[in-house]
Amino acid sequence: MGAVYQRELKGYLHGMTGIIFVCVNLLFSGLMLFLENLKYQDPKMESMIYYQLMILFLTVPILTMRSVAEERRQKTDQLLYSLPISMPKIVLAKYFALLSTALLPTLVSLLYPLILAMYGTVNFGTTYTALLTQALFVCLLCAIGMFISSMTESPAIAAILTLTVNAALFLISFFTTAIPQTEIASLIGFAVIIVLLALLAFFMTKSVSVTYIVAALGVAAEVLVFFLKRDVFTGAINKVVEALSVFERVELGTSGIMDLTGIVYFVTAAALFVFLTVQAVEKRRWS
């Protein structure tokens with residue numbers, strides 16, 4: 001596992017993708033620190049961190065796009081399969097190498113509150129909570145990007161798909177208020193979720209039968225609950241969307257509010273996508 005980690009980390013830090021990623025994010029964070037804080041001697045970093053998250057939202061897919069897709073494109077993944085290491089360890093090594101690169105701008109940002117303390121009173125609790133949110137957000141973005149990279153042989157397609165998924169995660173919270181609170185709206189919303197799960201099952205297994213089974217079980221369960229306890233569907237899809245919303249927690253975290261629930265959310269979501277990556281790579285290994 002250590003050898004794979006060193007190989008991957010060396011590839012990121014010595015390659016143009018990793019260098020450009022770190023430089024762009026450090027340039028932006030430094031510029032925002034100057035414009036938002038140093039210029040006006042304002043010790044509050046929360047707005048700067050939020051803007052920095054938006055840049056990470058756009059740049060992390062560029063970093064993750066080659067993580068697995070490039071191996072498949074160049075057929076070097078066959079070398080990984082021949083190593084006497086389990087596939088979960090290989091995927092974890094790739095993931096930790098990604099994080100070691102992606103978290104570099106965040107690590108540098110840890111120094112910013114100390115600089116701003118020279119110009120005023122810094123609320124270190126709020127500021128470092130916001131930076132913890134940034135780190136957890138990066139962990140989730142890397143997991144999502146690596147999973148999507150494992151689904152294709154084209155790094156460019158992986159980057160576009162990851163950006164699309166990230167945009168969907170960002171926009172979904174804005175659509176919550178537009179979704180009616182009616183039972184029918186929730187029924188349709190859950191049907192859309194079932195379709196997405198069925199499509200995920202197809203991409204993971206490439207089996208039409210499994211896809212139909214997932215869809216049929218989902219629809220059957222939804223219809224059964226709808227007829228047995230219809231009132232549960234009132235406003236249910238809105239509650240589910242709010243519970244799963246990434247940016248609801250990002251906004252809370254960047255304002256200095258982060259509880260155990262938020263931490264568990266980010267860690268669990270990242271672990272889920274790493275697990276899905278392992279399954280995708282395992283399937284590729286034996287296909």
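Author: We begin with a cavity. Phe-57, Phe-137, Leu-141, Asn-166, Leu-169, Val-246 and Phe-247 line the second largest cavity. The model is a predicted one, in which local features need pLDDT of at least 70 and side-chain atom pairs count only at pLDDT 80 or more, while totals for chains, interfaces and linings use all residues. Residues are numbered from 1 along each chain as its sequence is written, and side-chain values use heavy atoms, with hydrogens and water left out.

Reader: What is a cavity, and what does it mean to line one?

Author: On a 1 Å grid over the protein atoms alone, a cavity is a set of points where a 1.4 Å probe fits but cannot get out, and lining residues have an atom within 4 Å of a point. Grid points are joined across faces, edges and corners, and a volume is the space filled by probe spheres set on the points.

Reader: Which helices each supply at least two residues of the lining of the second largest cavity, and how do its residues divide by class?

Author: Helices are DSSP runs (H or I, at least four residues), numbered from the N terminus. Helix 9 (124–149), helix 10 (155–175) and helix 14 each supply at least two lining residues. For the classes, Ala, Val, Leu, Ile, Met, Phe, Trp, Tyr, Cys and Pro count as nonpolar, Asp, Glu, Lys and Arg as charged, and the others, Gly among them, as polar. The lining of the second largest cavity has six nonpolar residues, one polar and no charged.

Reader: Is Asn-166 buried or exposed, and what does it touch?

Author: Buried means under 20% relative accessible area, exposed over 50%, and partly exposed in between (1.4 Å probe, protein chains only). Asn-166 sits in helix 10 and counts as buried because its relative accessible area is 1%. Contact means heavy atoms within 4.5 Å. Leaving aside residues up to four places away in sequence, Asn-166 touches Phe-57, Pro-61, Leu-141, Ile-144 and Phe-247.

Reader: How is the packing of two helices read?

Author: Two packed helices are described by the angle between their axes and the distance between the axes. Axes are lines fitted to C-alpha atoms, for helices over the stretch in contact, and angles run from 0 to 180 degrees between N-to-C directions. In this model, the axes of helix 3 (residues 46–64) and helix 14 (residues 246–254) come within 9 Å and cross at roughly 145 degrees. Helix 3 makes the contact through Glu-46, Ile-49, Tyr-50, Leu-53, Met-54 and Phe-57, and helix 14 through Phe-247, Val-250, Glu-251 and Thr-254. By class, that contact has seven nonpolar, one polar and two charged residues.

Reader: What is a pocket, and how much space lies in the largest one?

Author: A pocket is an open set of grid points with protein on both sides within 12 Å along at least five of seven lines. The largest pocket has about 1600 Å³ of space. Its lining has 35 residues, of which Val-165, Leu-169, Leu-196, Leu-197 and Phe-273 lie nearest its centre. Helix 9, helix 10, helix 11 (183–205), helix 13 (236–244) and helix 15 give two or more residues to that lining. Helix 11 has the largest share, nine residues. By class, the lining of the largest pocket has 30 nonpolar residues, four polar and one charged.

Reader: How is a polar contact read, and where does Ser-149 make one?

Author: A polar contact is a pair of N or O atoms within 3.5 Å; within protein, one must be able to donate a hydrogen and the other to accept it, and residues adjacent in sequence count only if both atoms are side-chain atoms. A polar atom of the Ser-149 side chain lies 3.0 Å from the backbone oxygen of Met-65. Ser-149 is in helix 9 and counts as buried because its relative accessibility is 0%. Not counting residues up to four places away in sequence, Ser-149 touches Thr-64, Met-65, Arg-66, Ser-67, Val-68, Ala-69 and Ala-158.
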